[in-house]
Amino acid sequence: MNLSDSIVSVKGIGDKTAKLFAKLGIFTIDDLIRTYPRNYIEYSEPRRIKDIVPGERCAITAKVVTTVEVKKTRRLTIVSFSVSDTTGSVRMVFFNSTFLRSVIRKGDTYVFVGTPKVSGSFIAMEMPEYYPIYKYSQLRSVMQPVYPLTAGLTNNVIRKTIKEVSYLIEGLNDPLPDDIRSEYGLMPLGRAAFNVHFPRDMEELKESIRRLAFDEFLHFLYDIKTLRDSNVRQENLHMVSDEAVSLLGDFFNALPFNLTKGQMDAVNDIKADMTGAFTMNRLIQGDVGSGKTVVAEAALFLTVKSGYQGALMVPTEVLARQHFNDLSKTFSAFGIKVELLTGNNTAKEKREIYERLKEGDIDILVGTHALIQDKTEYKNLGLAVIDEQHRFGVNQRKKLSAKGGSPHTLIMSATPIPRTLAIIIYADLDISVINEMPKGRKKIKNCVVDTSYRKTAYKFIYDEIKKGHQAYIICPMIEEGEQTDIENVIDYSYGLSDHFGKEVRIEYLHGKLTEDEKSGIMKKFTDGGIDILVSTTVIEVGINNPNATVIMIENSERFGLAQLHQLRGRVGRGNAQSYAIFIDTKQSKESKERLSVLENSNDGFFIAKEDLRLRGPGDFFGIRQSGEMPFNIADIYNHADMLKMAQEVIIKYSDRLNMSSVTVNETTI
């Protein structure tokens, strides 16, 4: 058996289970090994019931003191019973688990593990784990990894499958020669990968994670170096004309607002690049809502008016359609022809677009990955603009650039990375920073609250809807998993509908919907046909609905501050006062300190700096900064020291690294 073999070659994995693994992006044994735990559970000493703290996961040893009750609601079957010890009682609540009637018996004693919460006049645990006392004592000696899940695929199945191929893990080839690895105090790659899945103690686990983070950064920076070396001082073959520069004033005069100083400085950087001797490779880094798009529009205007074509590539069809509509409206008065190309175009539409593009009848092409497919040929591509750049890979960016024979490249990012790290990550790019907001924007009002505030928040959202506004509610998960204390989009939206009734229009959105479904829901939302959109973080990228004035984020403590700031940026995009409500379900000292940064600041760069300071070396898990860079385990905030170490190794030893020895996902920049 080899790392490249299909997952179905593993004992116990048939076609049905393989399809479930595929939903998590796991197709080969290598994919399986590199699917790292989201968290680890350490089973603690059971507490007395009187000592449990609502909102804090714990274990209790208790006797079942009532029979199992089963009640049916419109969408759920609720199973419940009470347990007690000498100090108090707890109500255990399960959903759609009628089998418990034949498992749980009055008088039996179990160890129950879960997150207690106050429910009316009593304390309850929803969907707790339960174990015989002897079984729980065995669990206490082992750290239990918790993997990302999908419906039908349990944590136990993933752990069992990884165990079947565990003998392959420690044999992973290491890109670092032994002497270099020893110099930097790093453990062997295979040992680190094994320890992450089968940890023996916390200290060794931390060192393993550091090594794996280093390895991902090493491949990332090696690809960046390769890209930089291939682009060094390329001759400018798409010189912007003086006439185009002179017409730029007409473009600015047609805008319904004046550009900020930061925006004008960025435009001047672009003009200098595109009229200079060498090809532009520039990053526009600006906070959420700082106006990066109009800077890109100015660059596209200069390109087209100089006789070249422009391309704008974005990660999702929803965002592509939004940009297409905005650009079409902006450029129609200047005779600039804009077209949209995505995977959802019909075959006939694609053929027509390919032909018109090749003939030069399209000035600006907006789209997703379809822009870099082999059939997409440009007559004279002069500028490639890449929005939300962290979602695209090095190879994808190379492919787009190759379409035009070294066109200028302009990259936009709303990810507020501290400058010390940005210099490393964007080593092949010149950077322009827009650090001010357009005039007239009202600052978002923020509050961090616990779950007891939820009903008050619902009332507040209802009042905003009555004013004609709309709201987002964000949940970390799509559907119910083994971590039942985390809110999920599907169940949450049903519960919200029960709360509000038919008076409030509620729909949900998540990444597993088709592009057509996502586009339809977002269009309906922006057109005002949905009052509350319950969503995962899929909406964090560039979605623009000026009428949305409230965003409420459940389980806020599980997100990085930078991602919460990105999500918050979905409101405050119009003239009305907007609000962000962060629900802190943990209420720990650490989560309160971190979330208070968001409560007291709307400055993304300050937040990024604080995130880097507060997310210390012990904070390895939870939801990573998914909006920044899709590494499997590395996080630029938690592992900034590993990023800097990887940069040093690339500088000193790039010619000695065996970079082809390890299978990795495509590096993304």
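These legends walk through a few close-up views of a predicted model.

**View 1. An open sheet of 7 strands with parallel pairing.** Reading across the sheet, the strands come in the order β13-β14-β12-β15-β16-β11-β17. At the edges stand β13 (338–341) and β17 (430–434); each has a single partner strand, so one side of each is left without a neighbour in the sheet. On average, and ignoring direction, neighbouring strands of this sheet are turned by 20° against each other.

**View 2. Strands β12 and β15 side by side.** Here β12 (residues 309–313) pairs with β15 (residues 381–386) in the parallel sense, over 5 bridges. To find your place, look for glutamine 309, which stands opposite leucine 381 in β15. Strands of a sheet pair through backbone hydrogen bonds.

**View 3. Helix α12 lying across β12, β13 and β14.** This helix covers residues 317–331 and runs at about 170° to β13.

**View 4. Where helices α11 and α12 cross.** The two axes come within 12 Å and cross at roughly 55°, which makes α11 oblique to α12. The crossing is right-handed. From α11, the contact is made by Thr293, Glu297, Leu300 and Phe301; α12 brings His323, Leu327, Thr330 and Phe331.

Note on methods:
Residues numbered from 1 in each chain as written. Predicted model: local features only at pLDDT ≥ 70, side-chain atom pairs only at ≥ 80, totals over all residues. Heavy atoms only, no water. Pairing = 2+ DSSP bridges. Helix = DSSP H or I, 4+ residues; strand = E, 2+ residues; numbered from the N terminus. Axes fitted to C-alpha atoms, helices over the stretch in contact; angles between N-to-C directions. Contact = heavy atoms within 4.5 Å. Parallel < 35°, antiparallel > 145°, perpendicular 65-115°, else oblique. Left-handed = near helix turned anticlockwise from the far one by under 90°.
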